[in-house]
Amino acid sequence: MKRQKLINRLRYLRNFEFINIFFLPGCLYFILSTVGTVHWMYYIVSMFVICFILAQGVLYWHLKLQSVRRNERALPWYSYQIFRLFKWVNVLLLAVYPALFFVDRSSTDIDFGASIWSHLIYIFSILEYVNYYHYQLSHDSMNDIRYLMRHRKIRRSPLWKDMQQTKGQLDD
């Protein structure tokens, strides 16, 4: 990929993720308030996790963009520690939803009002986590689709690859 095209792509990814941090909760608020949903707890927890992971994506794509602009092959040395911390915080945050569900089901005094839609948003938060920290699940460019068709498997996420590279540099 030519350098300017790569810069444009990284800028698009960073900006699109940033916009989604506000757009997705706005859509959720509009839908829940329009249909008169009373219990929002599960929706809020799931959407918070999604937005938290999207914010990490904004940081990642910004660091990647800065690296490309400086003609550097790797992310800054501190990025490994930051994203390693985020990775574990994400796992803890993802555990909140099932914990709420368990409390909700085991107590007759509490009703958070889980629905199939709140479960789907939670699943989306898990997929977003996997997409950033493990395997690339989103395929929004022809290059991604060609790779998928050629190799018949999903590839490791760019963040995962960069974390491995940065970790290797720290070990040296």
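Reader: Where does asparagine 71 lie?

Author: Some background comes first: this is a predicted model, in which local features need pLDDT of at least 70, side-chain atom pairs count only at pLDDT 80 or more, and totals for chains, interfaces and linings use all residues. Residues are numbered from 1 along each chain as its sequence is written, and side-chain values use heavy atoms, with hydrogens and water left out. Helices (H or I, at least four residues) and strands (E, at least two) are DSSP runs, numbered from the N terminus. In those terms, asparagine 71 lies in the loop between α2 and α3.

Reader: What is the phi of asparagine 71, and is this residue buried or exposed?

Author: Asparagine 71 is not a glycine, yet its phi is positive, at about 60 degrees. For burial, the scale is relative accessible area with a 1.4 Å probe and protein chains only: buried is under 20%, exposed is over 50%, and partly exposed is in between. Asparagine 71 has a relative accessible area of 60%, so it is exposed.

Reader: Which loop holds arginine 152, and what is its phi?

Author: Arginine 152 is found in the loop between α5 (142-151) and α6 (158-171). At 70% relative accessibility, arginine 152 counts as exposed. Arginine 152 is a residue other than glycine with a positive phi, near 55 degrees.

Reader: Which residues does proline 76 contact, leaving aside its neighbours within four places in sequence?

Author: Proline 76 sits in the loop between α2 and α3, and it counts as buried because its relative accessibility is 16%. Its C-alpha is 9.4 Å from that of glutamine 66, a residue 10 places apart in sequence. Contact means heavy atoms within 4.5 Å. With those neighbours left aside, the contacts of proline 76 are Leu63, Ser67 and Thr166.

Reader: Which side chains meet in a salt bridge?

Author: Side chains of opposite charge can pair when their charged atoms come close. A salt bridge here is a side-chain nitrogen of Lys or Arg within 4 Å of a carboxyl oxygen of Asp or Glu, and the structure holds one. It links distant parts of the chain, helix α6 and helix α2, with its partners 98 residues apart. At 2.9 Å, N to O, the side chains that meet are those of aspartate 162 and lysine 64.

Reader: Is aspartate 162 buried or exposed?

Author: Aspartate 162 is in helix α6. Its relative accessibility is 5%, so it counts as buried.

Reader: How far is arginine 14 from the nearest side chain of opposite charge?

Author: Arginine 14 has its place in helix α1 (residues 3-35). Not counting residues up to four places away in sequence, it touches Val58, Trp61, His62 and Leu65. For charge, Lys and Arg count as positive and Asp and Glu as negative, while His and the chain ends are not counted. Arginine 14 is buried yet has no salt bridge, and the nearest side chain of opposite charge, glutamate 17, is away by 11 Å.

Reader: How many aromatic pairs are there?

Author: Rings of Phe, Tyr and Trp (its six-membered ring) pair if their centres lie within 6.5 Å; planes under 30 degrees apart count as stacked, over 60 as edge-to-face and the rest as tilted. By this rule the count of aromatic pairs is 13.

Reader: Why is the pair of phenylalanine 52 and phenylalanine 86 called edge-to-face, and which helices hold the two rings?

Author: The ring centres of phenylalanine 52 and phenylalanine 86 are 5.7 Å apart and their planes lie at 90 degrees, so the pair is edge-to-face. The two residues are 34 residues apart in the chain; phenylalanine 52 is in helix α2 (residues 41-69), and phenylalanine 86 is in helix α3 (residues 79-106).

Reader: Which residues do ring pairs link into a cluster?

Author: Tyrosine 60 and phenylalanine 83 also pair edge-to-face, since their ring centres are 6.1 Å apart and their planes are at 80 degrees. Tyrosine 60 counts as buried because its relative accessibility is 0%, and phenylalanine 83 counts as buried at 1%. Ring pairs link into a cluster Phe48, Phe52, Tyr60, Trp61, Phe83 and Phe86.
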